[in-house]
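Subject: Structure handover

Hi,

Here is the structure I promised to pass on. Please open it beside this email and follow along.

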Amino acid sequence: MENIIGLLSVEPKSVKMALKESSWVEAMQEELMQFQKLKVWNLVPLPKGKLPIRTRWIFRNKRDDSGVIIRNKARLVVQGFYQPEGIDYEEVIAPVSRF
């Protein structure tokens with residue numbers, strides 16, 4: 001059985017907090033190993049004039065039906081978006097036809 005003491009922690013709000021507990025470090029390593037196993041990405045040189053995509057760690061406690069924490073889950077997600085300049089994203093057009 002896993003170390004229940006390590007799982008009885010509050011979900012960290014930052015990577016700095018997560019790195020202080022071995023159960024969260026293990027969850028982060030597990031996520032990165034899955035990326036490597038599934039070949040999620042390839043690192044390539046950054047094109048000139050482009051900015052890198054930012055990432056963010058999300059930390060959650062997974063619970064069973066009775067509310068007992070069964071494992072810690074860390075996810076690495078993309079924290080970026082891109083909106084080309086000059087496009088009005090507030091304007092809404094409904095495509096309708098009139099006879």
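Which pattern does the protein chain follow when read along the sequence? The pattern is α-α-α-β-β. That comes to three helices and two strands. Helices (H or I, at least four residues) and strands (E, at least two) are DSSP runs, numbered from the N terminus.

Some ground rules come next. This is a predicted model, in which local features need pLDDT of at least 70 and side-chain atom pairs count only at pLDDT 80 or more, while totals for chains, interfaces and linings use all residues. Residues are numbered from 1 along each chain as its sequence is written, and side-chain values use heavy atoms, with hydrogens and water left out.

**The hairpin**

Start with the strands. β1 and β2 pair in the antiparallel sense, over nine bridges. (Two strands pair if DSSP finds at least two bridges between them.) T55 stands opposite V78 in β2. R63 has I69 of β2 as its bridge partner. Together β1 and β2 form a hairpin, with five residues between them. Look at G67 in the turn: its phi is positive, about 90°.

K39 also has a positive phi, near 50°, and this residue is not a glycine. K39 sits in the loop between α3 and β1. With a relative accessible area of 71%, K39 is exposed. Here buried means under 20% relative accessible area, exposed means over 50%, and partly exposed lies in between (1.4 Å probe, protein chains only).

**The core**

Buried residues make up 19% of the 99 residues in the protein chain. Which residues form the largest nonpolar core? There are nine: A18, W24, A27, M28, F35, W57, F59, A74 and L76. α3 gives the most, with four residues. A nonpolar core is a set of buried Ala, Val, Leu, Ile, Met, Phe, Trp, Tyr and Cys residues, joined through side-chain atoms within 4.5 Å.

**Aromatic pairs**

How many aromatic pairs does a search of the whole structure find? The search finds three. Rings of Phe, Tyr and Trp (its six-membered ring) pair if their centres lie within 6.5 Å; planes under 30 degrees apart count as stacked, over 60 as edge-to-face and the rest as tilted.

F35 and W41 form an edge-to-face pair. Their centres are 4.9 Å apart, with 65° between the planes. F35 is buried, at 15% relative accessible area. W41 is partly exposed, at 44%. W57 and F59 form a stacked pair, 6.3 Å centre to centre and 15° between the planes. Both W57 and F59 are buried. Ring pairs also link W24, W57 and F59 into a cluster.

**Salt bridges**

A salt bridge is a side-chain nitrogen of Lys or Arg within 4 Å of a carboxyl oxygen of Asp or Glu. By this rule the count is three.

- R60 and E11 meet through their side chains, at 3.5 Å from N to O. R60 lies in strand β1 and E11 in the loop between α1 (4-7) and α2 (15-18), so the pair ties together parts 49 residues apart in sequence. R60 is partly exposed, at 44% relative accessible area. E11 is partly exposed too, at 23%.
- E30 and R71 have their closest N and O atoms 2.6 Å apart. This pair links helix α3, which holds E30, with strand β2, which holds R71, 41 residues apart. E30 is partly exposed, at 37% relative accessible area. R71 is partly exposed, at 29%.
- K73 and E31 have their closest N and O atoms 3.8 Å apart. K73 is in strand β2 and E31 in helix α3, so the pair ties together parts 42 residues apart in sequence. E31 counts as buried, at 9% relative accessibility.

**The surface patch**

Which residues form a nonpolar patch on the surface? They are L32, L38, V40, W41 and L43, with about 560 Å² of accessible area together. Patches are made of residues with over 30% relative accessible area and no salt bridge: like charges are joined within 9 Å, nonpolar side chains (Val, Leu, Ile, Met, Phe, Trp, Tyr) within 5 Å. Accessible areas come from the Shrake-Rupley method with a 1.4 Å probe; for residues, only the protein chains shown count as cover. L32 is in helix α3 (residues 22-38). L32 counts as partly exposed, at 39% relative accessibility.

Best wishes
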